[in-house]
Amino acid sequence: MNNDPLYQENILEHFHHPRNKGKMEVFDIKYKGENPSCGDDITLYIKWDEAHEQIADISFSGFGCAISQSGASMLTDKVKGMSGKDIERLDDAYMYALYGVEVSPQREKCALLAVRTLKEAIGV
Amino acid sequence: MRNIEDIRKDFPQLADPSYHYLDSAATSLTPASVIDAVGEYFTKYRANVHRGLFGEAVRATERYEEARKKVANFIGANDPSEVILTSGATESSNMLVRMLEETFQWKGKKNNIVTTEMEHHSSLVPLQQLAARAELELRHIPLNSETSKGSLSGNSQRLPLDVSFELDHAAAEKLIDSNTLLVSVVLASNVTGTINDVRRIADVASKHKAFFVVDATAAAGHFPINAQKLGCDALYFSGHKMMAPTGIGVLWVKMEVLRGLKPSQFGGHMVAHTDKDKASWGPIPDRFEAGTKNIAGAIGLGAAVDYLENIGVERVHENAAALAVEAAKELAKISGVRVVSPEDPIKNIGIASFHADWAHPHDIAEVLARDRVAVRAGHHCAEPLHTALGIPATTRASFHIYNTKEDVDALVEGVKKASEIFKS
């Protein structure tokens, strides 16, 4: 345990043990998002369900800081089963709530990389 | 000789003793004498230069031209007119490329430009653009693989002591040939801190009659520079990394070359006569300084040169390099840390950069910032160098005359703390 205001247990847990990390073999969408200021990148692999209405499966690969990578892990865990409309409603506040701690303005691009990449990927 | 504690009092930003400024390679702190010189211009003799006949304008012109002389003396130039004042290294390098292109009309796939893997984007990208426009081949002198990559396959524990992160001079001799038009080399790396043996490359370039350029941005104010001894035709740097304000920089070009160069920026002040359809160029250096330049910045740069010469640039290097090497040695003891800076202080400008296999540099820098340790994280505008080193980004601590052992200790403690947070 540590008393760092940002790097709390849930963020570190997702950083060390990311969920849904890895390339998918079969997918409908593959989309890469980058944060050039940090050199972070995330590639999302998305598979729709048969009706093409909900996300059936999602994974990510990439490299980056603990904030961007844990964010991708937490977000991909939440969005399975969501529709395009649900994704459209995900805003910055939703992402910050997943972190559960205050993220400084300098890390905004890291924190929002996953959700912004997801929205771009499915075009909402 | 003034002690470091006394020198620190010259820097208002260091008033808080708990603040550890280790980002001088990004921009140095400003001594009070520079702040005062700039303030005096704005409060006592704000006027444009080279124009007005009133007292303030005369004084502003004198101070501006004095700055040029001080810079010339600072870099061992023969003639103050060889010093062109610019907005910074980026403008210098872009201007120079355009001036050479306008003058020599370089063209042809047979010809090449040689630079290095160690360049900052401000030097590299204008060369890439030139190569694309003129259809020239762009070649890169690599890092010496024996000294730089010896530990790449290892598990980033401790680097061998002979790692120097130098350029491969044998490769340079092959890459520079009779079809080489231009060779551009960075004097000191802003990432590893390596001081390159630029003279050795100058001699190869000279043998093939190639135009030789030195990017001295990371070195200026940190290490003594003598443009003539370096054997270059042109050299440039920014003021803000040598205690001057931002927005002022220098492009030095050897007079025998400068006489033949065409200007690349046009407007007021640089002309002799102008009629409706054409203009003729004024004397050197005026013809290369179109428009109103950063007068306050130039005056600040002059004051910065005075300050640095008073301290002694050799002493700046001695202090910064000793601390960087000490930091590098301590950091390398932390498990998972790979230092990518020379361990020989003579070859290090004053930088300790490192990569840790347990966290991204931005995470490390954020933890350091909590304890008021200011470092830089990322690729430091030198992406190709990171690619060559096999790492995406580094955390960089850079030192100056105002840094002390306390700063090294705070850095090392902070990185240890980060390792405790991030190591699983």
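Rings of Phe, Tyr and Trp, the last by its six-membered ring, pair if their centres lie within 6.5 Å. In this predicted model, the count by that rule comes to 10 aromatic pairs over all chains.

One of these pairs joins A:Tyr7 to B:Phe422. The ring centres lie 4.6 Å apart. The planes meet at 75°, over the 60 degrees required, so the pair is edge-to-face. This pair crosses between chains. A:Tyr7 sits in the segment before helix H1 (9–16) of chain A, and B:Phe422 belongs to helix H15 (residues 405–422) of chain B. Both A:Tyr7 and B:Phe422 are buried. Ring pairs also bring in A:Phe15, giving a cluster of A:Tyr7, A:Phe15 and B:Phe422.

A tilted pair is formed by B:Phe266 and B:Trp281, with 5.4 Å centre to centre and 35° between the planes. The two residues are 15 residues apart and link distant parts of the chain. B:Phe266 lies in the loop between helix H10 (255–258) and strand E9 (271–274) of chain B, while B:Trp281 lies in strand E10 (residues 279–281) of chain B. B:Phe266 has 51% relative accessibility and therefore counts as exposed. B:Trp281, at 36%, counts as partly exposed.

Helix packing was examined in chain A. Helix H2 (residues 66–79) of chain A packs on helix H4 (residues 92–99) of chain A at about 105°, with the axes 10 Å apart. H2(A) is therefore roughly perpendicular to H4(A). H2(A) contributes A:Ile67, A:Ser68, A:Ser70, A:Gly71, A:Met74, A:Leu75 and A:Lys78 to the contact. H4(A) contributes A:Tyr94, A:Met95, A:Leu98 and A:Tyr99. By class, the contact of H2(A) with H4(A) holds 7 nonpolar, 3 polar and 1 charged residues.

Methods:
Residues are numbered from 1 along each chain as its sequence is written. Chains are lettered from A and ligands numbered from 1 in the order in which they are written. This is a predicted model: local features need pLDDT of at least 70, side-chain atom pairs count only at pLDDT 80 or more; totals for chains, interfaces and linings use all residues. Side-chain values use heavy atoms; hydrogens and water are left out. Axes are lines fitted to C-alpha atoms, for helices over the stretch in contact, and angles run from 0 to 180 degrees between N-to-C directions. Helices (H or I, at least four residues) and strands (E, at least two) are DSSP runs, numbered from the N terminus. Angles under 35 degrees count as roughly parallel, over 145 as roughly antiparallel, 65 to 115 as roughly perpendicular and the rest as oblique. Contact means heavy atoms within 4.5 Å. Ala, Val, Leu, Ile, Met, Phe, Trp, Tyr, Cys and Pro count as nonpolar, Asp, Glu, Lys and Arg as charged, and the others, Gly among them, as polar. Rings of Phe, Tyr and Trp (its six-membered ring) pair if their centres lie within 6.5 Å; planes under 30 degrees apart count as stacked, over 60 as edge-to-face and the rest as tilted. Buried means under 20% relative accessible area, exposed over 50%, partly exposed in between (1.4 Å probe, protein chains only).
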